[in-house]
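Hi,

Here is the structure I promised to pass on to you. Have a look at it first, and then read my notes below.

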Amino acid sequence: MKLLPRYTDIADDFAIENTPSSVSNPQLLLWNEPLAQQFDINMAENDKVQIFSGNQALATPAVALGYSGHQFGHFSPRLGDGRAHLLGALSDDDNQLWDIQLKGSGITHFSRGGDGRCAMGPAVREYIMSEAMHALGIKTTRCLAVVSSGEQVYRQSPQPGAIVTRFASSHIRVGSFQYLAAQGDLKGLKNLADLAIERHYSEITETGAQRYLMFLQKVINSQIELVVSWMRVGFIHGVMNTDNTLISGETIDYGPCAMMNQFDFDTCYSAIDKQGRYAFGNQPNIASWNCTRLAESLMGLIDEDDERAIELLSPIINNFSTQFNKAFTSMWEKKLGLVGQHEGDHELISELLKLLNEHKLDYTNTFNSLTESLLANAKVPKVLHAWMLQWQARTNNDSYTIMRAANPCVIPRNNLIEDILLEFTQAGCSEIYKKFKLVMDKPYLFNENSAEFNHKINDALNYNTFCGT
Ligand code: AMP
Ligand code: MG
């Protein structure tokens, strides 16, 4: 495996050489063979264990990246990879570069007193959730492997430790720009913006200020696409801090994430999110807020006069909600198989969401049954029957295919994931996961087996997710 070094020429203190710390008894828990094949990674079992535990160093030195972050609205100028090591980058079949990063691989220059480690539960969660999101067609970082360390980590209680190997089309975050902007490093900012453009938005050919205005617009487009796709399947990220917002528009960091069961815009499972800042329905506002933080960081690249820079950046930011609402409406139209736009569609959608909320209906199962009702008798909740008459009048022969592509039959339900994580922490493997994966790999294919994973519906009140993993 020959890796390319990355990020080392952005700025001083941006990518700092750090070596993963070895662990005493590493064992392979999860290996993503399809992903390995995509990158021609063929190696003996022992090499997988040694390399992806951090025990065996590669020829390219590993680095930890610096970044800042607004966490729950409060700015920390120096966060950075406190428990992650970037090994380098690999090229896929389409010549796209992907970063390979170990997480839970020991302390770095950015650890700030943390232990640099990761508990097995959260490591397995990251693997399962990111692969489920990938199967759902949502942009996400991927996971190649989870290796148990054979060592304990101390959280609320002692837990087995693990190292997760993450692939991302880059690790450039909104917080990466904030990090350089906070240091007043204009040269570093330009280097980073140019790298981000080269890697993700190479269609941008403009020069000067226009280049970076266009970059902001592209990042906004990606964030809107991402949040709309999250909301299409009921995903709640749970910790949309600027350090967890990738410029590429991939989902990153599956800490306190959860899937919504009963439809409610206010759903928030995160135990630390007391104000509901990252609630299901607040995700668009936060994405906009995060993009505004990116815009602020780019000001120095737009104009040396702050007022002029703000004048140029503002219209792009101010257009976020109009742009989002357009994409959001289009999402509901697809979920309901509405072809073309008709008067009354808006009311039809709002009425359904009101009924879902009032009657605490399950988001996934309801849209799934509405989809299947177009082909056969499906169990659609009684309270929707009157509404359905108006909706059916708006469907046609294409509706089923459109709806089937927009509405998953199966999602990684919270309680199910908890059961799987428990099996992994107790036994190092999970029989439930083996069965679930077969269904989750094809989430839009309607089949009888998916029902087994859909009745695990828990009430929002009974489920809490935690940060600090
Ligand atoms: P996260 O909540 O994983 O997005 O991490 C937020 C910040 O805390 C990042 O800078 C992490 O590197 C850092 N961090 C989280 N857990 C640890 C840990 N166990 N040891 C050191 N740093 C950590
Ligand atoms: Mg993070």
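Let's start with two residues: both Asn244 and Asp253 are buried, where buried means under 20% relative accessible area, exposed over 50%, and partly exposed in between (1.4 Å probe, protein chains only). The two residues coordinate the magnesium ion (ligand 2) through Asn244 (OD1) and Asp253 (OD), at 1.9 to 2.2 Å. Donors here are N, O and S atoms within 2.8 Å of the metal (3.2 Å for Na, K and Ca), and water is not among the atoms, so sites may look incomplete.

Before you go further, some housekeeping. This is a predicted model, where local features need pLDDT of at least 70 and side-chain atom pairs count only at pLDDT 80 or more, while totals for chains, interfaces and linings use all residues. Residues are numbered from 1 along each chain as its sequence is written, chains are lettered from A and ligands numbered from 1 in the order in which they are written, and side-chain values use heavy atoms, leaving out hydrogens and water.

Next, Ser68. You'll find Ser68 in the loop between strand E3 (63–65) and strand E4 (69–71); helices (H or I, at least four residues) and strands (E, at least two) are DSSP runs, numbered from the N terminus. Ser68 counts as buried because its relative accessibility is 0%. Its side chain reaches the backbone oxygen of Pro77 at 2.6 Å and the backbone nitrogen of Tyr179 at 3.2 Å. Leaving aside neighbours within four places in sequence, Ser68 is in contact (heavy atoms within 4.5 Å) with residues including Phe75, Leu79, Gly175 and Asp243.

Now some strands, which pair if DSSP finds at least two bridges between them. Strand E8 (residues 142–154) pairs with strand E2 (residues 27–31) in the antiparallel sense over 4 bridges, and E8 also pairs with strand E9 (residues 158–168), again antiparallel, over 9 bridges. E8 and E9 form a hairpin with 3 residues between them. Ala145 in E8 stands opposite Trp31 and opposite Thr165 in E9.

Finally, the cores. A nonpolar core is a set of buried Ala, Val, Leu, Ile, Met, Phe, Trp, Tyr and Cys residues joined through side-chain atoms within 4.5 Å. Which residues touch the most other members of the largest one? Out of its 117 residues, they are Phe14, Phe177, Phe215 and Ile247. Helix H6 (residues 208–233) gives the most to this core, with 13 residues. Apart from it lies another core, of 21 residues, with Ala145 among them.

Cheers

Notes
A polar contact is a pair of N or O atoms within 3.5 Å; within protein, one must be able to donate a hydrogen and the other to accept it, and residues adjacent in sequence count only if both atoms are side-chain atoms.
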